[in-house]
Amino acid sequence: MIDHRRLGRDLELFVSDPLAGAGLPIWLPAGAAARHAVEEYVRELERRAGYRHVYSPPLGKRELFELSGHLGYFADDMFPPMRLSADDEFVLRPALCPHHALVFRARGRSYRELPLRVAEIGGMYRAERSGVLGGLSRVRAISLNDAHNFCALEQVGDEVREILRLIREAHAALGVRPAGFRLSLRGPGEKYVGDDADWARAEELLRAALDGVDYHEGPGEAAFYGPKIDIQIVDAAGRESTISTIQLDFDKPERFDLSYTDADGRRKRPVMVHRSLVGSMERLFAYLIEVHAGAFPAWYAPVQLVLLPVDDGQADAAVELAGRAEAAGLRAEVDLAGSLGSRIRDAARRRVPYLGVIGPREAAEGAVSLRLRDGRGLDPMPVADALALVAGVVAARSADLLPPA
Ligand SMILES: [Zn+2]
């Protein structure tokens, strides 16, 4: 069975060292290169959709998390507070929402600024029991692709539709295959905050945004602070988890006393929409490693092109081509050690999408023979054409290794 922990070790993507601590994996250069490409993509996608990115620290004063309710509701999942002095205690945050509420509150807000979309790929911590930890799928230090969209209630429908569009786009580029959509609604009981009319309206807006999507409803599965949409994936072992989420929140705007000035000059409370397009980088990569069996699409492959001179006579040509590939923004390497056959097998083992073989004839003609990871081989072509081909597939974030015919 495919297991991301074994592949992660074989492909040198990440390492879990008991000295660093369980659930605290270290991303090695290959894994970090892939993650960096994915993070850049996500930020670009969000930036084009009107998000504003921020940085906020992964720890904060105890009072911040008392105000947010996290210490009241989630203390069991949090690391114990760190005391600097009798009246100065800090906690590792279990979520980014409190800091993003402070971004909204940093100055007065007008209805003209809404929806205000505050985004960050940020660190947070969960005190998971050591027995449940494994590889990247359950960790204690989490890097979440997160955003909080502050909007007027009547904007929620359009906002959620747009978030669903971004989720679909990100899933298509990354190769995520969702197993199902779930709409979690209020059930009977008193645990829910916010007024009945707002809940009914919000549930109706979420239902409308899901029009045309195959989903199921989960009455009683909503958070106490609002209804939500979760998008599920199933890993190689058949375990289901949430990869993308859209959660409406009537509670935190109240707790943080968030408001904006409406067109009529009156103060109004915004709705806060917590959303993640692709979840945490850790769980996302646990899934991507398995779903692609380590053979990532070229745009986030750790090494995109390995150049293989047939013998030492073409080493200079290979080094020069690698330099041109790097100047074009590609991740390229030259492999000189060992027989050509063993180098080809090693690149295949590492799932490198493109091999560039340079023999005496190619070197003399300024050409290279591309071989694809899936076994297809192309006729020798000028190095400029080969670079353009690879760079074009990478720029298009295509799943196929050849451009459309
Ligand atoms: Zn949140």
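# A zinc site and its surroundings

Along the chain, the donors of the zinc ion follow the spacing C-x50-H-x125-H. His-148 lies in strand S8 (residues 141–151) and His-274 in strand S15 (residues 271–276), so this pair ties together parts of the chain that are 126 residues apart in sequence. The model described here is a predicted one, and its protein chain contains 13 helices and 20 strands.

**The chain as a whole**

- The protein chain has 405 residues, of which buried residues make up 50%.
- Taken along the principal axes, the C-alpha atoms of the protein chain fill a box of roughly 75 × 50 × 40 Å.
- When contacts between residues at least 6 apart in sequence are considered, 70% of them join residues that are at least 24 apart.

**The zinc ion and its donors**

- The protein donors of the zinc ion are Cys-97, through its atom SG, His-148, through NE2, and His-274, through ND1, and they lie 2.1 to 2.4 Å from the ion.
- Cys-97 and Leu-355 are 258 residues apart in sequence, and their C-alpha atoms are 45 Å apart in space.

**Helix H5, where Cys-97 is found**

- Cys-97 lies in helix H5, which covers residues 97–104.
- Six of the eight residues of H5 are buried, so this helix is largely enclosed by the rest of the structure.
- The buried residues of H5 are Cys-97, Pro-98, His-99, His-100, Ala-101 and Phe-104.
- The loop between H5 and strand S7 (116–125) holds Pro-115, and the peptide bond that runs from Leu-114 to Pro-115 is cis, with omega near -10 degrees.

**Helix H2 against helix H9**

- The axes of helix H2 (residues 29–48) and helix H9 (residues 281–291) come within 12 Å of each other and cross at roughly 115 degrees, which means that H2 is roughly perpendicular to H9.
- The crossing in which H2 passes H9 is right-handed.
- On the H2 side, the residues that meet the other helix are Ala-34, Arg-35, Val-38 and Glu-39, while on the H9 side they are Met-281, Glu-282, Leu-284 and Phe-285.
- Sorted by class, the residues of the contact of H2 with H9 comprise five nonpolar, no polar and three charged.

**Glu-46, a buried residue of H2**

- Glu-46 has its place in helix H2, and with a relative accessibility of 0% Glu-46 counts as buried.
- Not counting residues up to four places away in sequence, Glu-46 touches Tyr-51, His-53, Ala-119, Asn-145, Arg-275 and Leu-277.

**Helix H6 against helix H7**

- Helix H6 (residues 156–174) and helix H7 (residues 196–209) pack at an angle of about 40 degrees, with their axes 9 Å apart, which means that H6 is oblique to H7.
- H6 passes H7 in a right-handed crossing.
- Val-156, Gly-157, Val-160, Arg-161 and Leu-164 of H6 make this contact together with Leu-205, Leu-206, Ala-208 and Ala-209 of H7.
- By class, the contact of H6 with H7 is made up of seven nonpolar residues, one polar residue and one charged residue.

**Positive phi angles in two loops**

- Glu-12 is not a glycine, although its phi is positive at about 55 degrees, and this residue lies in the loop between helix H1 (4–10) and strand S1 (14–15).
- With a relative accessibility of 52%, Glu-12 counts as exposed, because exposed means over 50%.
- Ala-293 is not a glycine either, and its phi is positive at about 50 degrees; its place is in the loop between H9 and strand S16 (305–309).
- Ala-293 has a relative accessibility of 26% and therefore counts as partly exposed.

Notes:
Residues are numbered from 1 along each chain as its sequence is written. This is a predicted model: local features need pLDDT of at least 70, side-chain atom pairs count only at pLDDT 80 or more; totals for chains, interfaces and linings use all residues. Side-chain values use heavy atoms; hydrogens and water are left out. Donors are N, O and S atoms within 2.8 Å of the metal (3.2 Å for Na, K and Ca); water is not among the atoms, so sites may look incomplete. Helices (H or I, at least four residues) and strands (E, at least two) are DSSP runs, numbered from the N terminus. Axes are lines fitted to C-alpha atoms, for helices over the stretch in contact, and angles run from 0 to 180 degrees between N-to-C directions. Angles under 35 degrees count as roughly parallel, over 145 as roughly antiparallel, 65 to 115 as roughly perpendicular and the rest as oblique. A crossing is left-handed if the near helix is turned anticlockwise from the far one by less than a right angle, and right-handed if clockwise. Contact means heavy atoms within 4.5 Å. Ala, Val, Leu, Ile, Met, Phe, Trp, Tyr, Cys and Pro count as nonpolar, Asp, Glu, Lys and Arg as charged, and the others, Gly among them, as polar. Buried means under 20% relative accessible area, exposed over 50%, partly exposed in between (1.4 Å probe, protein chains only).
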